[in-house]
Amino acid sequence: MVTMGMTMTTPALTQALECLQASERPLLIAHPRPDGDTIGCTLALRLALLALGKAPRIACVHPLPGNLDYLPGAAAFEVAIPEDADIDLVVAVDMSDLSRTGGIYKPAWAERLKLVVIDHHATNDAFGDVNLIEPEAAATALPMARVIHALGIPLRDDIATCLLAALITDTRGLRTETTTPAVLRFVSELVEAGGDYLGVMQRTLDAVPYKQMKAWGVALSRLQLETGIAWTTFPLAEKQALDIEDHDDLDLGNLLSQTREAQLFASLLEMRDGTVKVSLRARPGYDVAWIAKQLGGGGHTQAAGYSLPGSLDLVVRDTLALLRQELARPH
Ligand code: 5GP
Ligand code: MN
């Protein structure tokens, strides 16, 4: 496998490899409100470690959305890990800071366990003992594939399906500016290895639950457009009326980003804890990562997010002010 530079070795890859090889009972953590990249990569690494005879555990503080729970090994996710768990390594997958473990990671572990970070966020603050971070990568699936290859595990069909789910979701169906020819070649390698491309398209992308479709109706009926910016809000009362839980972000950012007249997109969801969860999206050439970072979140140039305390109105005001700044930059 040469297309994605799979044989390319970096000090971080070597260190990650040493940690994984030395570990017998690693804990792999996916981020809250899990997406295809964090879930697919966590499951792919779990399968590779199982193939090596190790006993990995996997955790995510939120349940898997229905469009990812068919992936091989999905039922193994745990929602909490006790502080005194019998683990000997922690791996944080597809997240840019420690708070994104959603509380799964216990501070006391810092004394006895190494933390390996495998990620692709430009905003990653290198919070691990080992940081395998590729900000230019379309998905964490790419550094993860490198790790799995370096572990000596061939791309089996189940591992390939997990990595496909990761790559296809993080590139929103292979349509981000990070979807390079090399990424497309890697997709074809995954399919050749037996990865279920059509299955991922059908069961993950074309798999919007009826309730979410109804919620899209509410969100779209509230859609606003000002020069170059399309945005909507989702008040708590509407969530309650449709029985939408807080960990379900409805994938509104991606939906809005199809609005032809806009270059920047924002969805703002009111949460039960008094915060507002914001999803930002940008067309190629525009950048929302700096806005998310400035407001305490993170992400990528084309997709970023954050949560702020306060009323919807206030968070809308602050968000729009920064989006207008981004729009006004020369592009
Ligand atoms: P989404 O809008 O789909 O929730 O997230 C888009 C991107 O921004 C993802 O890469 C996600 O990891 C990142 N992101 C979203 N919310 C937060 C946040 O609160 N903190 C950080 N650090 N990253 C976030
Ligand atoms: Mn990702």
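# Reading the terms of this model

Trainee: Why is Leu250 called buried?
Mentor: The relative accessible area of Leu250 is 0%. Buried means under 20% relative accessible area, exposed means over 50%, and partly exposed lies in between (1.4 Å probe, protein chains only). Leu250, at 0%, falls under 20% and is therefore buried. Please note that this is a predicted model, in which local features need pLDDT of at least 70, side-chain atom pairs count only at pLDDT 80 or more, and totals for chains, interfaces and linings use all residues. Residues are numbered from 1 along each chain as its sequence is written, chains are lettered from A and ligands numbered from 1 in the order in which they are written, and side-chain values use heavy atoms, with hydrogens and water left out.

Trainee: How do you know whether Arg33 is buried, partly exposed or exposed?
Mentor: Arg33, in the loop between strand S1 (26-29) and H2, has a relative accessible area of 22% and is therefore partly exposed. Asp88, in the loop between strand S3 (77-78) and strand S4 (89-93), is likewise partly exposed, at 25%.

Trainee: What makes a residue such as Ser23 a contact of Asp88?
Mentor: Contact means heavy atoms within 4.5 Å. Leaving aside neighbours within four places in sequence, Asp88 meets this with Ser23, Glu24, Arg25, Pro26 and Leu113.

Trainee: How do you know that the length of helix H5 agrees with expectation?
Mentor: The expected span of a helix is 1.5 Å times one less than its number of residues. For the 14 residues of H5 (residues 157-170) this gives 20 Å, and the end C-alpha atoms are 20 Å apart, so the two agree. H5 is also mostly covered, with 13 of its 14 residues buried.

Trainee: Why are H4 and H5 called roughly antiparallel?
Mentor: Axes are lines fitted to C-alpha atoms, for helices over the stretch in contact, and angles run from 0 to 180 degrees between N-to-C directions. Angles under 35 degrees count as roughly parallel, over 145 as roughly antiparallel, 65 to 115 as roughly perpendicular and the rest as oblique. H4 and H5 pack at about 160°, with their axes 9 Å apart; this angle is over 145, so the pair is roughly antiparallel. Ala141, Leu142, Met144, Ala145 and Ile148 of H4 make the contact with Ile159, Leu163, Ala166 and Leu167 of H5.

Trainee: How do H2 and H4 compare with the cut-offs?
Mentor: The axes of H2 and H4 cross at roughly 5° and come within 10 Å. That angle is under 35 degrees, and the two helices are therefore roughly parallel. In this contact, Asp37, Cys41, Ala44, Leu45 and Ala48 in H2 meet Ala141, Met144, Val147 and Ile148 in H4.

Trainee: Where is Ile148, and what makes it buried?
Mentor: Ile148 is in helix H4 (residues 141-150), and its relative accessibility of 1% makes it buried. Beyond four places in sequence, its contacts are Ala44, Leu45, Ala48, Ile153 and Ile159.

Trainee: Which residues does Thr140 touch?
Mentor: Not counting residues up to four places away in sequence, Thr140 touches Asp37, Cys41, Val93, Asp94, Ile118, Asp119 and His120. Thr140 is in the loop between S6 and H4, and its relative accessible area of 0% makes it buried.

Definitions and conventions. Helices (H or I, at least four residues) and strands (E, at least two) are DSSP runs, numbered from the N terminus.
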